[in-house]
Each structure stands twice: as structure tokens, then as C-alpha cells.
Amino acid sequence: MELNRDWILAAAVTALAAAPTAMAQSDAERIRILEEQLQQQQQMLQQMQAELQRLKAAGVSADAVTVPVEDLHEPVAVASAPKELDAETVLGFDIYGFVMADAIYDFNRVDPDWNDTLRVSTIPTTEGLYGEDGEFIFSVRQSRLGFKGDWDTDAGKVTALFEWELFGTGGDAGQTTPRLRHAWGTWKNFGMGQYWSNFMDADVFPNTIDYWGPTGMVFYRNKQARYTFPMGDNEFAVSLEDPSTALTVGKFRDDCTSDPNCDSLIGDVFQAKNDVPDLVARYRSNNDWGHWQLAGIARKLGFERTDTGDTDSEFGWGLNASSVVKINDLDRLKLQVVYGEGIGNYMNDGGIDIAPKNAELADNRAEVVPLLGIVAYYDHYWNERWSTSVGWSTTRLDTTDGQAFDEFETGQIAQINLLHYPTDGVLVGGELIWGEREEVDGVSVDDLRVQMSLKVNFPR
């Protein structure tokens, strides 16, 4: 019995001595197994996040993507995975833009504030007005920076867009002053802010490198409130837009230049008076071959005399029909015809809404100016690295008797280019541009220029 007790005591002592080592080995093994499982789950989540990002980029809604529970292996991962995936798919934010540098040779001369683009209304009809023919220009004013985001909420999807460029206008014409392009927010189908006018079809703009582009195109970023009715692949949208009126004082300007006592008439006798927003409706049909779009606008074009307080208004209206036709996987035919009365403010160049009916200063009457705009361009891709865009556009005004003899009446522009894309996000190429301006008295002058540009996008 004494021997058995000694063996039992010895075995107990040995067991107690070995227990910490065994426990340490057991804990280490469990930790190793848990770490391997955690690594496997992290790898799986990364793969699923990458796949969801790919689907999102392809236009697949995150709501349509389902994650099988059995693929997550562990019950703990099932509870934690949706939060991480939701952060990637529900919230999106991008900083984007490009640096663009232009080298231009102008065989004629245009208004120096606009010399880095061929805006045909700035071509002078007086020889030597801006100096001798021939000018070389470097420009970076097309460079752009933007921010955009979208996220899902319990109350519906929200988006925001904030975009600037360096092409100053108005008092900043000719400068690289940042200029607001878009400040646009949406909630569900309602949007408000500054964005492309609902009267416009932005897809008609051709693949050209001159900044201003087709003179006869409806091209206007306007402050507005818009509601879009989704109709499957198609859409119908209605908007109330800022009614800013393009008003000319016409021949009153000429009368004042010969009378030193009436200089103030130029800016003080007549001015725009806008008390009703423009109403715009647009329908767009998207098809396998491309799309077609029809937009209509109704406007109250008011004006007033600041010396007498007299006011009056005219009714403006317009129809804009446009289409982009897919010739093949890459090539596009871009067409637009717009006609109306008092829609010049929405045109890319040369438009006037209302003008004096005649040259009688005592006559308070003005009338809307009819306008026709045409765009026809073809974007051709020789392959994935080379493209050419060729086309023509015109704006034609039916001017009034009260307009000045040197005011804009007709403009047209034609372009052809060869562009190269050496790698993703980079464009380099050249363009030949011709433009012509004709005035009310029939005098016309044209201009020819050559432009070479380098454009680098970020991100690629």
C-alpha cells in the first residue's frame, strides 16, 4: 500500500507539472485555428467587395446582389459582413476631373477675352478691330475639377454634384477664374440647383476639342427645379428654370453714340423683368439603336423702362428635337434641330430673346426674335486608340427692325479632327475649325484656326 501511494503521488505530481504545458499548447492551437478562420473570412469579404464594386460599375444595383449565408461559413461573420458590404455599396464618393492644355493658332483675330475658343459671335466684322491677323494662344482654361456622391437613406436615394472649370465669363472673361458648372442635388426623382437645362440634350455635343463647340446647339447650364418620371428605359421630366432674358437695346445704342446727353439710355432705358420661371418638358426614348428626345419650353419674357416705369412682356416658346444614332459599337451620328421664338438665351452662341420692335424711343414695344438652330456631327472611331469627329452647325436669327445693323444675325461653324488615346485617361490630337459670322446688314466675316490639345483625366 505504501508503494501504491508513492506511485500515485508521483503520477499526480507529474500530471500537475505537465498540465500548464498541455494547456498552453491547447490555447495556442485554438488561437492558430481562429486566426486562420479570420484570414479566410477577410479574404472572402474582400473578394465579395471587389465583385460588388464591379457590378456597381456595370450598372447593377446593390439591391440585386445577394450573398449566400453558407458562403460566410461562421455565424459570427453573418452578423458582421452586411455592415461592411453596405458601406461600400450604399455610399459612393468620387473626386474627378482633368487637366487640359490647348495650343491654338488663329489665322484671323477674335475678341481677346475669347481668343482661346472659336465662338463665332466674337469674330469682328471691322478689319483690324483687335489688331493684325494671326495670333498664337496657349490655354489651360478647359481644365476641370468635380466632386460627386450618392448614398441610400431610409427616405430614398440622395445624390450631389459640384463641378468647376477655369473658363471665366462675364466680368472674368479671358481669365482662369474658377467658374461653376454644376451645383446639383437630387432626392429620389426630384432635383434642384444648377445643371444642364431640361431643354438640352447634352449627348449631342460632339467629340471635339474646341471649348465652345456647335454654335446652333441648345447648350445651357441653368438654375432649376426638376422632377423626372421614370418610365423603364425612357424618361419624362418637367422643370421650372431661371428665366433670365437676353435683351438687346438695338438701334437705341446707335442713337446714343451721336448724342452725348443720352449715354445712360444704353443700360438704363430698357432692362429685363422676369417674374415667372420658364416651364420646360422633355421626353427621352432610349433604344438599342441610340435615343431620340423632344423638349418644349414656354417663357414669359418681360422688360421694363426704368425712366417711365412702363412694363410689357412677350410669350416665348421653342421645340428641340435631337437624336444620337449608334452606327456601330463606337461610331455615333449626332443630330439636333431647334426652332422657337425668344429662346436665344438657351443657345450655345449668338442668341437674343427679345429686341425693340422698331427704332422709335417713345415706342415701348418689343418683340420676340425667331431662331433656328441645326447640329449635324459624326463621331468615328478608327479603332480604340484613334478617332475623328466631323460636322457642322448653324444659328439663324430673324432679326427685328429695331436691332442695330452690326448685331449678330447668322453664325456657322465646321470642325474636323484627329484624336489619339495612347493610354487610358489620356487624349492628344489636333483640330481644324472654321467659323463665320454674318450681321444684320449682311456683312459677313469668317475665321480659321488650328488647335492641338493634351488632356489628362484623373482618376484614369
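Which strands each supply at least two residues of the nonpolar patch? In this predicted model, these are β2 (135-139) and β20 (444-458). The patch lies on the surface and consists of Tyr105, Phe107, Phe136, Phe138, Val390, Ile416, Leu432, Leu448 and Val450, with about 850 Å² of accessible area together. Phe107 is located in the loop between β1 (91-106) and β2; with a relative accessible area of 44%, Phe107 is partly exposed.

Beyond four places in sequence, the contacts of Phe199 include Val218, Glu241, Val280, Leu319, Ile343 and Tyr346.

Salt bridges number 20. Arg119 and Asp349 are paired at 2.7 Å, N to O. This pair links the loop between β1 and β2 with the loop between β13 (332-341) and β14 (354-356), across 230 residues, and both Arg119 and Asp349 are buried. Glu165 and Arg179 also form a salt bridge, with the closest N and O atoms 3.1 Å apart. Because Arg179 lies in β5 and Glu165 in β4, the pair ties together parts 14 residues apart in sequence. Arg179 is partly exposed, at 22% relative accessible area, whereas Glu165 is buried, at 1%. A further salt bridge joins Lys334 and Asp379 at 3.0 Å, linking strands β13 and β16; Lys334 and Asp379 are buried.

Terms used:
Residues numbered from 1 in each chain as written. Predicted model: local features only at pLDDT ≥ 70, side-chain atom pairs only at ≥ 80, totals over all residues. Heavy atoms only, no water. Contact = heavy atoms within 4.5 Å. Patch = residues over 30% accessible without salt bridge, like charges linked within 9 Å, V, L, I, M, F, W, Y side chains within 5 Å. Areas by Shrake-Rupley, 256 points an atom, 1.4 Å probe, with all protein chains shown as cover. Salt bridge = Lys/Arg side-chain N within 4 Å of Asp/Glu carboxyl O. Helix = DSSP H or I, 4+ residues; strand = E, 2+ residues; numbered from the N terminus. Buried < 20%, exposed > 50% of the residue type's maximum accessible area, 1.4 Å probe, protein only.
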